[in-house]
Amino acid sequence: MTLSRRRTLQLGLGAFASAGCAGMHNPGEASNDPPQNFSVSGQMQLKQRAAAKGLIYGAAGSYPSLSQNPEYAKLFAQACGILVTENELKWLALRPEPDCYDFTKSDWLAQFAQQNGLLFRGHTLAWNQANPDWLKQVSRQDAEKVLTQHISTVVKHYAGKIHSWDVVNEAIAGVLSERSDGLQTSPWLALLDKEYIDIAFRAAAAADPKALLVYNDTALDYDTPEDNRTRSAVLDLLQSLKSRNVPVQALGIQAHLEAAETRFNAKKLRQFLSEIASMGLKILITELDVSDRGLPGDIAMRDRAVAHAYEEYLSVVLDEPAVIAVLTWGISDRYTWLADFAPRSDGQPVRTLPYTDDLRPKLAWNAIARAFDGAPKRSASI
Ligand code: XIL
């Protein structure tokens, strides 16, 4: 399976690229000389620090981790104000057969969220990955019906109980696309061309007029040819959707960051966020994590570099009032997809999320707390 941070993880070049470029880092940049001071005042949890600024903080949670580890589940509920399904609402998990919807695990997560006072968020209704094999048998003639029925059934199932939906995930492939619009090859693109995006949003809006409908994508963060191309293609896509009154209401920025990536351009990112906001869209940071691949092994230094990447990034994005929520892709290094998808070349466990694998807050936690504490307060209307 190929996954994002799209370009580097897909090509498997992350560790490579950063190791090879180590000599090119300027003094003071992430992997060479991370800052020392991540002090935080007070005892508040991340969700409370976010809420104090009118923001929502939460994370991706999965059925296996939350149902099997009560200590983890307790921490998750304390730390988070929102839960997004990590895998349980992907087609592959939910639709083992064309005529079967298996809501067992996603319902468990929805109930966990409700019982613990967390908002609930669904991921995802149309994606090029994590699809069941039977989708390959669907004809062009039937495709619209299959997509619409799926979305209608799933969105209605959670109507009134869900904060937001990642309606379409990763539709843009940017520089990797052979198309001028940058669209990503996918079963839906093959079956319905780009109309699949309109169809998906319209079906979701019809099924639940209250849920916030999000277009979610990756590789939007850095000043690289890839990310620059993705930002531009995402802007074009959203403008086109808005101009045709397709009911997209927010952009989800996955934000799978890499601590060893030095091409962070605060001004460009800030400008992009302003352009999205000026279209009347909200913004959610939906899958934030920081890979430590390509950083030296020393744990203290590595934690500082990862923390610095969190704080630097969040301080830029939280400056934009249209940003309403920040979700990390998990809360503990014990359960992070990056252990499998971006492992370290030295074989050490990755240290990417706010809590360690034994559930203690680490510098990444401080960095996120500091960014929330320093964020401007949202006005009630945002
Ligand atoms: C990942 C999950 O975290 C893993 O457990 C699973 O094996 C693969 O998918 N972008 C996305 C998410 O939109 O769905 C991906 O989640 C991470 C990258």
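**Terms and their grounds**

Tutor: At 1% relative accessibility, Asp166 counts as buried, because buried means under 20% relative accessible area, exposed over 50% and partly exposed in between, with a 1.4 Å probe and protein chains only. The model is a predicted one, in which local features need pLDDT of at least 70 and side-chain atom pairs count only at pLDDT 80 or more, while totals for chains, interfaces and linings use all residues. Residues are numbered from 1 along each chain as its sequence is written, and side-chain values use heavy atoms, with hydrogens and water left out.

Student: Where is Asp166 found?
Tutor: Asp166 is found in strand 4. Helices (H or I, at least four residues) and strands (E, at least two) are DSSP runs, numbered from the N terminus.

Student: What joins the side chains of Asp166 and Arg121?
Tutor: They are joined by a polar contact of 2.4 Å. The term applies because a polar contact is a pair of N or O atoms within 3.5 Å; within protein, one must be able to donate a hydrogen and the other to accept it, and residues adjacent in sequence count only if both atoms are side-chain atoms.

Student: Why is the pair of Tyr101 and Phe103 called stacked?
Tutor: The search of the whole structure finds 15 aromatic pairs. In the pair of Tyr101 and Phe103, the ring centres are 6.1 Å apart and the planes are at 10°, so the pair is stacked. Rings of Phe, Tyr and Trp (its six-membered ring) pair if their centres lie within 6.5 Å; planes under 30 degrees apart count as stacked, over 60 as edge-to-face and the rest as tilted.

Student: Are these two residues buried or exposed, or in between?
Tutor: Tyr101 has 26% relative accessibility and therefore counts as partly exposed. Phe103 has 10%, so Phe103 counts as buried.

Student: What lies over the face of Tyr101?
Tutor: Arg95 does, at 3.9 Å from the ring centre. A charge sits over a ring if NZ of Lys or CZ of Arg is within 6 Å of the ring centre and within 35 degrees of the ring normal.

Student: Which residues form one aromatic cluster?
Tutor: Tyr63, Tyr72, Phe76, Trp108, Phe112 and Tyr335 do.

Student: Which residues come nearest to the ligand?
Tutor: Of the 14 residues around the ligand, Glu86, Asn87, Lys90, His123 and Trp329 come nearest. A residue is near a molecule or strand if one of its heavy atoms lies within 4 Å of it. By class, this shell has five nonpolar, five polar and four charged residues. Ala, Val, Leu, Ile, Met, Phe, Trp, Tyr, Cys and Pro count as nonpolar, Asp, Glu, Lys and Arg as charged, and the others, Gly among them, as polar.

Student: How far is an oxygen atom of the ligand from an N or O atom in the side chains of Asn87, Lys90 and Gln254?
Tutor: The distance is 2.9 Å for Asn87, 2.7 Å for Lys90 and 3.3 Å for Gln254. Taken alone, the ligand exposes 420 Å², and the protein buries 88% of that.

Student: What is the peptide bond from His123 to Thr124?
Tutor: That bond is cis, with omega near 5°. Thr124 lies in strand 3 (residues 119–126).

Student: Are Glu170 and Ala219 buried or exposed?
Tutor: At 4% relative accessibility, Glu170 counts as buried. Ala219 is buried as well, with a relative accessible area of 1%.

Student: Why is Lys105 called partly exposed?
Tutor: Its relative accessible area is 46%, so Lys105 is partly exposed. The place of Lys105 is in helix 7 (residues 104–115).

Notes
Areas by Shrake-Rupley, 256 points an atom, 1.4 Å probe, with all protein chains shown as cover.
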